[in-house]
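Reader: I have a structure to go through with you. Can we take it piece by piece?

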Amino acid sequence: GALSPKEAEFLKGALPRAIHRNCMSKPKLSGSLSLHLQFLQAIPKPTPIFTTKRSALDENKRHITGYRDPFRELREEILQGLREKLGHVEEDAWVAVALEALRAGERDRLIPGPKKKTRLSSERRAFAVYERAIESLPTAKMYMRYAEFLRERLGHDRLSEKAKQEISRRLLDLFRRAVAAQKSGTVHAGGKFAISPRLYLIWADSLIRLGLPLEAAEILKQSTEEYVTCPGPWIRLAELSMRGIYPTKTT
């Protein structure tokens, strides 16, 4: 007989899962980051389920009550594979997991509940992934990916001032932890320290954004001492000096 809607929806998700599992059973394929990401990108977005309620102003308004997502289990399996199979060797595996956590948080935020959910609650889901990432894979690139994410989120206009303050604190704390990792000598990637020239630049720009240009100049000066032939920090330091901002110790 004909399948019921629930049975049809189950099969819609079960068949791609079987294909994915068969593919990932091949060792040469399961270790491919690009293949994991292609599977993840191929999954359709969850479809919102709406209901209509009459507001206090006697207007009909649509509200999201949930999402129809026949591929939820497939998505979770792919994310699990990224964490467990590639999380110890591929920084961008964690980037993908964090992005999915952010998207899931944004979807949940749109569902009305007893407690109002803010954008910051969505951001925190991604923060938690990145925190786990730098514990599992404490490389220069992983610190960089986390810093880039925080800086990108900091630039969103829709975030509240409270959210921006928390992200700024997280960003500065991340830099301090990178310094500690560098001093301990525990974080290396291809012979480079945890604090790469680009990470120094993000650090300096963050300090400037927070109204701390002198501290930014100090950080840039430190970068020019560690990476003498890297032009970026030198140029940024020169730009600050043109504004009359100098590090305490100059050569």
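Reader: Start with Arg 103. Is Arg 103 buried, exposed or partly exposed?
Author: Bear in mind that this is a predicted model. Arg 103 is partly exposed, with a relative accessible area of 42%.

Reader: Which side chain does Arg 103 meet in a salt bridge?
Author: That of Glu 100, at 3.1 Å, N to O.

Reader: Tell me about α5 itself. How many residues, and how far does α5 reach?
Author: Helix α5 covers residues 91-109, which is 19 residues. From first C-alpha to last, α5 reaches 27 Å, close to the 27 Å expected at 1.5 Å a residue.

Reader: Which residues of α5 are buried?
Author: Glu 91, Ala 93, Trp 94, Ala 96, Val 97, Ala 98, Glu 100, Ala 101, Leu 102, Ala 104 and Gly 105.

Reader: What do the buried residues of α5 pack against?
Author: Four helices: α3 (33-42), α4 (72-86), α6 (119-136) and α7 (140-154).

Reader: Back to salt bridges. Which side chain does Glu 106 meet?
Author: Arg 119, at 3.6 Å, N to O. This pair links distant parts of the chain: Glu 106 is in helix α5 and Arg 119 in helix α6, 13 residues apart. Arg 119 counts as partly exposed, at 27% relative accessibility.

Reader: How many salt bridges does the structure hold?
Author: The structure holds 25. One of them joins the side chains of Arg 151 and Asp 205, at 4.0 Å, N to O.

Reader: Where do Arg 151 and Asp 205 lie?
Author: Arg 151 lies in helix α7 and Asp 205 in helix α9 (residues 197-209), so the pair ties together parts 54 residues apart in sequence. Arg 151 is partly exposed, with a relative accessible area of 27%. Asp 205 also counts as partly exposed, at 25% relative accessibility.

Reader: Which residues do salt bridges with shared partners join into one network?
Author: Arg 124, Glu 131, Glu 166, Arg 170, Asp 173 and Arg 177.

Reader: New topic, domains. What does the domain assignment give?
Author: Domain 1 is 1-21 + 73-109 + 121-132, and domain 2 is 138-250. Their centres, taken over C-alpha atoms, are separated by 32 Å.

Reader: How many residues of each domain are in contact with the other?
Author: Eleven residues of domain 1 are in contact with 13 residues of domain 2.

Reader: What area do domain 1 and domain 2 bury between them?
Author: About 1,300 Å², with 58% of it on carbon and sulfur atoms. On the domain 1 side, Glu 91, Phe 127 and Tyr 130 supply 49% of the area buried against domain 2, more than any other three residues.

Reader: Why give the size as an area?
Author: The size of an interface is often given as the accessible area lost when the parts come together.

Reader: How many salt bridges and polar contacts cross the interface of domain 1 and domain 2?
Author: Six salt bridges are found across that interface. There are also six residue pairs in polar contact. On the side of domain 1 that touches domain 2, the elements that give two or more residues are α5 and α6. Helix α6 gives the largest share, six residues.

Reader: Now His 36. Where does His 36 lie, and is His 36 buried or exposed?
Author: His 36 lies in helix α3. His 36 is buried, with a relative accessible area of 1%.

Reader: What is His 36 in contact with?
Author: Leaving aside neighbours within four places in sequence, His 36 contacts Met 24, Ser 30, Ile 78, Gly 81, Leu 82, Lys 85 and Leu 86. Ile 78 is 42 residues away from His 36 along the chain, yet their C-alpha atoms are separated by 6.6 Å.

Reader: Last one, Asp 69. Where does Asp 69 lie?
Author: In the loop between β2 (60-68) and α4. Asp 69 is buried, with a relative accessible area of 19%. Not counting residues up to four places away in sequence, Asp 69 touches Pro 46 and Arg 75.

Note on methods
Residues numbered from 1 in each chain as written. Predicted model: local features only at pLDDT ≥ 70, side-chain atom pairs only at ≥ 80, totals over all residues. Heavy atoms only, no water. Expected span 1.5 Å × (residues − 1). Buried < 20%, exposed > 50% of the residue type's maximum accessible area, 1.4 Å probe, protein only. Contact = heavy atoms within 4.5 Å. Domains from an automatic or database assignment. Buried area = accessible area lost by both parts, 1.4 Å probe. Polar contact = N/O pair within 3.5 Å; in protein donor to acceptor, adjacent residues only side chain to side chain.
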